[in-house]
Amino acid sequence: ARSRLVRLRDTPAITLDGEPVDLLANIEMPEDAAAAVRAGAAGVGLFRSEFLFMGRQGHLPDEEEQYQAYRRAVEGMNGLPVTIRTVDIGADKPMDSSAQEGKHLNPALGLRAIRWSLADPAMFLTQLRAILRAAAHGPVKMLVPMLAHLSEIRQTLSLLEQARVELHREGRPQGAVQVGAMIEIPAAALMLKTFLRYFDYLSIGTNDLIQYTLAIDRADESVAHLYDPLHPAVLRLVADTIAEGRAQGKEVSVCGEMAGDVGMTRLLLGLGLRSFSMHPAQILAVKQEVLRADAAKIAPWARQVLESETPSALMGS
Ligand code: PEP
Ligand code: MG
C-alpha cells in the first residue's frame with residue numbers, strides 16, 4: 001500500500017469535483033524540510049520553532065542562530081511557503097524538563113506560547129527580526145500561537161512593526177510576511193471577526209482546541225478516553241472558523257493532528273477546509289482521500305454530522 005501511495009507524490013491534490021487542496025507539512029527542525037519535500041508537501045504549514053529553544057538549560061538562541069535556522073528551512077523548501085510559528089514554549093513543550101515551569105499548578109493554563117513571548121518583549125523581538133530576515137530568502141508566513149486577548153494581538157503586531165522599522169533603519173534585508181493567528185483557545189474561535197480583522201489567515205490548532213474546549217489535559221492518560229475530536233462542541237468551533245474565514249475570503253488551515261487523520265479528511269473537506277497541515281508521513285494517505293472525495297456531494301453529509309448529537313455514529317456513512 002505504501003508503494004502505491006508513493007506514486008501519488010507528484011499528483012496534484014484535487015477533489016473529484018475539481019477543488020484544489022493544499023497539503024502542507026508540520027516540521028520541528030529546519031532539516032525536516034527535506035522530508036516535507038520528499039512527501040510532496042505544498043509547503044510548510046507549521047514550523048514549531050520552539051524546538052530551537054528546548055533543552056538548552058535556559059540559554060536561548062540569539063537572532064543570528066534563529067535567522068540561520070529559519071533560512072535553512074526556507075531554502076530547503078525551494079520556493080514553497082514556510083509558516084514559522086513563534087515559540088510555543090510551556091505546558092507539553094517545557095524549555096527544560098527540570099526547570100521552574102514544571103512547578104506551576106496548571107501549566108497548560110499558564111505562561112505558555114504568546115504569553116511567554118510577550119512577557120519578555122526584547123527576547124520576542126529577536127525572534128520577529130529573525131523571521132523577517134529569513135523572509136528575504138523565500139516566502140514566509142508567520143503564525144502566532146495561543147492568542148485569546150485583543151491586547152495580545154495588538155502587542156504582537158506592534159512588536160512586529162517595531163522589528164520591521166528597526167531592520168529597515170539598519171539597512172538589513174527583510175521580506176514581506178503574511179501574519180496568521182492560531183485558533184486553539186475557544187475564546188479565539190468565539191471572536192473570529194476580530195481575528196479576521198487583524199490577521200491575513202487563520203490556522204486551527206485542534207490539539208489545543210480540543211484540550212481547552214473539553215477541559216481535558218492532552219497529556220493526561222487518565223482522561224484520554226474523553227479527548228474527543230468529534231465532540232459536537234469541538235466540531236462547531238472548527239466549522240465556524242472554516243466558514244467565517246471563507247466568508248471573509250481568508251485562508252483557514254488546520255494544523256493539529258486532526259489534519260493528518262485520514263478518518264477526518266472527508267468531514268473537513270465537507271465543512272469547506274482546503275488547507276491541511278500534518279506530519280509529512282501522513283501527506284500521501286490524506287491525498288488519497290482527497291482524490292477520492294467529491295467536496296460538493298460531501299457537504300450536506302458534513303452538515304448533518306455537525307448538527308448531530310452523536311457525530312461519530314454518522315462518520316462511516
Ligand atoms: C495544536 O494545538 O493543534 C497545534 C498544532 O499546536 P501544538 O500541538 O504544537 O500545540
Ligand atoms: Mg497548540
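The protein has 13 helices and eight strands, both taken as DSSP runs numbered from the N terminus (helices H or I, at least four residues; strands E, at least two). Its radius of gyration is 19 Å, close to the 20 Å of the globule rule for 317 residues, so the protein is as compact as a globular protein of that length. The radius is taken over C-alpha atoms, and the rule is 2.2 Å times the number of residues to the power 0.38. The model is predicted: local features need pLDDT of at least 70, side-chain atom pairs count only at pLDDT 80 or more, and totals for chains, interfaces and linings use all residues. Residues are numbered from 1 along each chain as its sequence is written, while chains are lettered from A and ligands numbered from 1 in the order in which they are written.

The C-alpha trace spans about 55 × 45 × 35 Å along its principal axes. Buried residues account for 44% of the 317 residues. A residue is buried if 20 or more other C-beta atoms lie within 10 Å of its own, exposed if 12 or fewer, and partly exposed in between, with C-beta atoms placed from the backbone. Of the contacts between residues at least 6 apart in sequence, 69% join residues at least 24 apart. Contact requires C-beta atoms, placed from the backbone, within 7 Å.

Ligand 1 is surrounded by L46, R48, D88, E184, G205, T206, N207, D208, C255 and G256. Membership of this shell requires a C-beta atom, placed from the backbone, within 6 Å of the ligand. Strand 2 (44-48) and helix 9 (206-214) are the elements that give two or more residues. Helix 9 gives the most, with three. By class, the shell holds two nonpolar, four polar and four charged residues. Here Ala, Val, Leu, Ile, Met, Phe, Trp, Tyr, Cys and Pro count as nonpolar, Asp, Glu, Lys and Arg as charged, and the others, Gly among them, as polar.

The UniProt annotation "binding site", from an unreviewed entry, covers R48, R85, N207, D208 and R218. Such annotations may be inferred rather than shown by experiment; positions follow the numbering used here, and feature names are shortened. D208 lies in helix 9 and is buried, with 24 other C-beta atoms within 10 Å. R85 belongs to strand 3 (residues 82-85). R85 is also buried, with 25 such atoms within 10 Å. Beyond its neighbours within four places in sequence, R85 contacts L46, F47, R48, S49, L143 and P145.

In helix 12 (residues 283-292), the buried residues include I283, L284, V286, K287, E289 and V290. Their cover includes helix 1 (2-6), strand 1 (22-27), helix 11 (265-270) and strand 8 (275-278).

Key: Two residues are in contact if their C-beta atoms, placed from the backbone, lie within 7 Å.
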